[in-house]
Amino acid sequence: SQLDNYGLNFTWTSRLASKVNSQLDLTLSDYRFEYLTNRKEQSGDLVSQTDLVNTLTDFSGRYELDIELKKGPHMQSGAEVKSQQTFFNVRNVIQMGQPVDDDLSQQEDGVSFSPYINYQLRRFKKLNVQLGVRGTYFEKQSDIRVAPRLFAHYNVSDDFTFKGSYGLYNQYLGKIQNLRLFSTGGLDNELFMLANSENVGIMDGTQSMFGAMFNRNDWLLDIEFYNKKTDNITFVPNTRFAIDGNFVSGDMNSKGVDILLKKTFSPKYTAWASYSLSRSRIVYDTLSTQEYFSQNDQPHVLKLVGIYSSQRWKVSMGWKLMSGLYAQFPIFKKPFIPPALDDPNAPDNIPLALEEGESLTPFAKARYPTMHMLDASISYALNNKPDAKWGGHVGLSLINIYDQRNIIDEVSSFEADGTEIFTSSYSIGFAPNLMVMIEW
């Protein structure tokens, strides 16, 4: 497989008046993912070969005004324009050892326009409320969505605060789920597609959160309970992309609690620990109300982080311990058709459903082993004087320092005698990254 992703960002800020600031953001990105799969017999002869190419070109522009009103309230208003193009091509080159030329391509272009406004109300001594609304027009389907959002926090005392939020969201660019070109669980291959009237729907979501913060003597305890629901997620049945291009849709629900404990030892030294307990499930539209695990379901995530910072230097180190990814998934098959009704000339419009008695693949384990890794980073600020006309940072990050082999997927294949074998795939190993950023 090969992944290329290039991008360019431009930001311009200006003060239009004493209480009015503006910001312009322009972003251009180009993404290409190519995956070639080969299945061979022990003799080395090719049994099958499939080539998949997926590209995404994305340009967006956003202009925002930040206005400070009388008596302290703030209002942000602006608009965002996006022009996006997605393309994929899947081609079977060899099937059952014989050359074939099965080919499926799909290209989607779309432009969206999204005005928005956010009002921060500060008229109450202990209550801070933010009200916002975002509208979106998607020209490809002449679709209009309105998404209101609310955030509030109430200061019970100087040390203790309640907080909560609720919002509606929608997205026209989706990542097709459950696609595995040659694997049986764990990690989806990438496939981005724009919403269209044929096989990919517009995703709608709701997010709600309620929590509390306690801050005293340089200790901070932050607890958040959340619930996220996303509708119209597109899935590939049977996990391998078929030339007929069939898709199914479903809804995902994630709920859980995030806990953060932070200690500030001095202006230069801080440390924090976080723990997340979560549950992520999917309901497929073709399967009534039966729930299945999301492949990204990780019930337990623990992080420990230490940070040192000065005027120019910032050093951090963190260790993560996580539940293994879920390894099983539903298998979709067409229901049995009586021979008398099996007309080869009939249209192929039979709905997909789970096969009776086969809700999950007969996999060796339900979840991959527990994952853990140690990361570190160091950065140095260049020319960080307040009146400097330019600035920047130079940094080095080290990912997975002790090169832990965390299993994220297992590939299923068969020997010539029919024996099924599994080959493990792993997350990123030890990887150093150098970063240079210049600002002016």
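1. Strands here are DSSP runs of E of at least two residues, numbered from the N terminus. The patch covers about 1100 Å² and consists of W313, V315, I378, W390, V394, L396, L434, V436, I438 and W440. Its members have over 30% relative accessible area and no salt bridge, and nonpolar side chains are joined within 5 Å. A salt bridge would be a side-chain nitrogen of Lys or Arg within 4 Å of a carboxyl oxygen of Asp or Glu.

2. The model is predicted, with local features requiring pLDDT of at least 70 and side-chain atom pairs counted only at pLDDT 80 or more, while totals for chains, interfaces and linings use all residues. Residues are numbered from 1 along each chain as its sequence is written, and side-chain values use heavy atoms, leaving out hydrogens and water.

3. Partly exposed denotes values between buried (under 20%) and exposed (over 50%), with a 1.4 Å probe and protein chains only. The areas come from the Shrake-Rupley method.

4. N232, in strand β12 (residues 219–235), has a positive phi of about 65° and is partly exposed, with a relative accessible area of 28%.

5. N400 has a positive phi near 55°. N400 sits in the loop between β21 and β22 (407–414) and is buried, with a relative accessible area of 0%.

Key:
Patch = residues over 30% accessible without salt bridge, like charges linked within 9 Å, V, L, I, M, F, W, Y side chains within 5 Å. Areas by Shrake-Rupley, 256 points an atom, 1.4 Å probe, with all protein chains shown as cover. Helix = DSSP H or I, 4+ residues; strand = E, 2+ residues; numbered from the N terminus.
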